[in-house]
Amino acid sequence: MTPNLIRQAAIVLSNLLTFSSPADAKLSEFFRNNRDLGTKERAFVAESVYGVLRRLRFLSTVTANDENDPDDARKLILAWLLRVQGMSIRELEPMLNEQQKEWAHLIKAKSTDNLPLAVQADVRDWLWDKLVAQYGEAEALTIARSMHEQATLDLRVNTIKGTRDDVMAKFIAENTSGETNVTKTPYSPIGIRMPNRMNIGRHVLFTEGKIEVQDEGSQLLAHLVAVKRGMMVADFCAGAGGKTLAMGALMRNTGRLYAFDVSEKRLHNLGQRLKRSGLSNLNAQVISSETDPKLKRLNGKFDRVLVDAPCSGLGTLRRNPDLKWRQTPQDVAELNVKQTNILARAAKLTKVGGRLIYATCSLLSDENEQIAEQFLATHPDFKLLNAAQILAQHQIELDTGDYLKLLPHLHNTDGFFAAVFEKLDAATAPVPSKTNEIEATAEAVPALEAASVVEEAASEEVPAKKAKKAAVKKEPKPKVAKAPKDDSAVEPKVSKVKASTAKTKAVKA
């Protein structure tokens with residue numbers, strides 16, 4: 001650590017605090033423009049700015065002289081080093097000027113007794129209120145604090161090209177990290193967990209397509225779809241295709257697998273990964289929206305339809321901490337409308353006896369249980385299946401009830417939700433009561449009204465906890481083809497959210 005390195009971190013952080021675009025994109029741009037920085041220097045800058053973003057509301061409190069004091073990136077970096085990393089003023093003094101030394105003493109002495117719970121949780125008030133209403137104060141605080149930790153590096157073994165035991169043996173033999181640091185994921189039968197971060201993108205196992213970076217929760221979702229050889233399967237919101245490729249491997253390269261998305265760029269990234277994967281049963285296609293006319297010919301054709309819906313991404317805060325400062329209640333309301341519409345359209349693609357799987361990487365019942373319950377109330381030709389039973393059929397012992405619900409503090413994964421619906425024969429489907437129809441419609445009205453205010457929650461995200469737009473500019477002649485070639489950064493997928501432009505006290509309630 002040097003005075004210049006602290007200065008560089010503060011420069012990056014100051015740019016990120018505008019919340020005008022995804023943090024990972026801005027950080028990547030900074031590194032491209034500062035290629036002289038070494039690996040350790042880049043690691044310090046990245047860890048510092050992400051560390052501040054994870055604890056921003058707490059750090060904003062300990063650096064403020066009064067309630068309306070604007071955030072200062074230099075103070076926030078110091079506060080992170082002193083109050084979160086536990087460094088002493090004596091350790092830092094050689095790298096600080098006189099003004100910074102004065103700040104350091106004030107920051108170190110600032111009392112944090114009796115802080116509001118939302119500040120301890122490091123979330124905005126609106127999000128804290130939703131978490132408390134859903135989980136209760138104690139568990140809400142535990143969940144929020146679990147998001148302060150950095151996520152592990154989870155890898156999915158591509159079983160088309162290798163086995164988990166073989167891949168683990170190679171990592172251990174290379175001494176890439178200590179033997180105790182390479183473990184099997186506790187739930188996914190094809191996952192490997194590496195707590196120590198490493199640049200996996202240039203590793204021979206990655207370039208040969210034997211592994212992909214994918215959170216264990218995302219791997220489990222692919223198993224929950226329960227694809228079989230020879231099936232016709234659709235990934236309706238495919239994004240960069242992490243789950244698409246996982247399903248293709250489970251299908252053993254048989255049947256037909258379709259990847260639909262409104263973003264040509266994301267499908268291009270899927271093409272880069274497809275080349276490495278060894279799969280040959282995948283067709284990727286850009287659609288203008290969930291109502292694209294070309295989908296009509298596929299109605300009732302699919303054995304499985306996965307809707308990994310555009311969502312707030314609040315389950316991915318370990319990887320994308322800036323999301324909790326960029327999201328608003330209005331964004332969630334707008335996303336609810338898209339989720340409802342996309343799920344309803346995907347239902348038409350599902351054949352009788354087939355399954356429709358709805359999933360998000362959100363913690364909020366607004367985007368999860370409520371959407372599932374509303375769908376069942378308005379679609380009597382579908383019934384809910386028990387997620388735990390489906391996983392058990394695949395020798396995965398994980399029981400979270402009818403729905404798959406994963407939480408970082410319980411499962412050490414990103415926050416995930418999934419519901420599995422089976423399509424019934426219309427002749428045998430129950431007739432919904434008028435009361436259910438009226439209640440479901442009433443629940444949808446507030447979200448529909450909110451959506452009329454702004455068209456989209458925008459902004460591209462991540463390698464990744466990257467989310468998908470409901471519509472893009474229509475192509476004259478969208479192509480149906482295997483996705484193009486190249487190489488891509490990996491999952492997680494992250495939702496598109498509406499960017500805030502507030503520059504001062506961004507984390508205030």
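Leaving aside its neighbours within four places in sequence, with which residues is Thr 185 in contact? In this predicted model, the residues that Thr 185 touches beyond those neighbours are Arg 164, Gly 191, Ile 192, Arg 193 and Glu 216. Thr 185 itself sits in the loop that runs between β2 (183-184) and β3 (191-194), and it counts as buried because its relative accessibility is 4%, which is under the 20% limit for that word. A polar atom of the Thr 185 side chain lies 2.9 Å from the backbone oxygen of Ser 188, and the side chain of Thr 185 also reaches the backbone oxygen of Gly 191, at 3.1 Å.

**The protein as a whole**

The protein has 21 helices and 13 strands. Of its 509 residues, 57% are buried, and its accessible surface comes to about 21400 Å², with 50% of that area belonging to carbon and sulfur atoms.

The strands on either side of the Thr 185 loop, β2 and β3, belong to an open sheet of four strands, whose order is β2-β3-β1-β4 and whose pairing is antiparallel. In this sheet β2 and β4 are the edge strands, each of them pairing on one side only. Strands of a sheet pair through backbone hydrogen bonds, and the pairing may be parallel or antiparallel. Between β1 and β4, the antiparallel pairing extends over three bridges, and the bridge partner of Arg 156 in β4 is Glu 212. Helix α11 lies across β1, β2, β3 and β4, and it runs at about 25 degrees to β3.

The loop between β1 (153-157) and α11 (164-174) contains Thr 163, which counts as partly exposed because its relative accessibility is 38%. Although Thr 163 and Lys 210 are 47 residues apart along the chain, their C-alpha atoms are separated by 8.5 Å.

**A parallel pair of strands**

A parallel arrangement is found for strand β6 (residues 256-261) and β7, which are joined by five bridges. In this pair, Phe 260 stands opposite Gln 285 in β7. Strand β7 (residues 282-286) is mostly covered, since four of its five residues are buried.

**Salt bridges**

The protein has 22 salt bridges, and three of them are set out in the table below.

| Salt bridge | N to O distance |
|---|---|
| Arg 55 and Asp 122 | 2.7 Å |
| Arg 319 and Asp 215 | 2.7 Å |
| Arg 326 and Asp 322 | 3.3 Å |

What does the pair of Arg 55 and Asp 122 tie together? Arg 55 lies in the loop between α3 (39-54) and α4 (56-63), while Asp 122 lies in the loop between α8 (117-121) and α9 (125-135), so this pair ties together parts that are 67 residues apart in sequence. Both Arg 55 and Asp 122 are buried.

The side chains of Arg 319 and Asp 215 also meet in a salt bridge. Arg 319 is in the loop between β8 (302-308) and α16 (323-326), and Asp 215 is in the loop between β4 (211-213) and α13 (216-225), so here the parts that are tied together are 104 residues apart in sequence. Arg 319 is buried, with a relative accessible area of 15%, and Asp 215 is buried as well, with a relative accessible area of 5%. These two residues take part in a network of salt bridges that links Asp 215, Arg 318, Arg 319 and Asp 414.

In the salt bridge between Asp 322 and Arg 326, Asp 322 counts as buried because its relative accessibility is 3%, and Arg 326 counts as buried because its relative accessibility is 0%.

**Helix α9 and its cover**

Which residues of α9 are buried? They are Trp 126, Leu 127, Trp 128 and Leu 131, and what covers them includes α8, α10 (137-146), α16 and α17 (329-349). Just after α9 comes Gly 136, which takes a positive phi of about 85 degrees.

Conventions. Residues numbered from 1 in each chain as written. Predicted model: local features only at pLDDT ≥ 70, side-chain atom pairs only at ≥ 80, totals over all residues. Heavy atoms only, no water. Helix = DSSP H or I, 4+ residues; strand = E, 2+ residues; numbered from the N terminus. Buried < 20%, exposed > 50% of the residue type's maximum accessible area, 1.4 Å probe, protein only. Areas by Shrake-Rupley, 256 points an atom, 1.4 Å probe, with all protein chains shown as cover. Polar contact = N/O pair within 3.5 Å; in protein donor to acceptor, adjacent residues only side chain to side chain. Contact = heavy atoms within 4.5 Å. Salt bridge = Lys/Arg side-chain N within 4 Å of Asp/Glu carboxyl O. Pairing = 2+ DSSP bridges. Axes fitted to C-alpha atoms, helices over the stretch in contact; angles between N-to-C directions.
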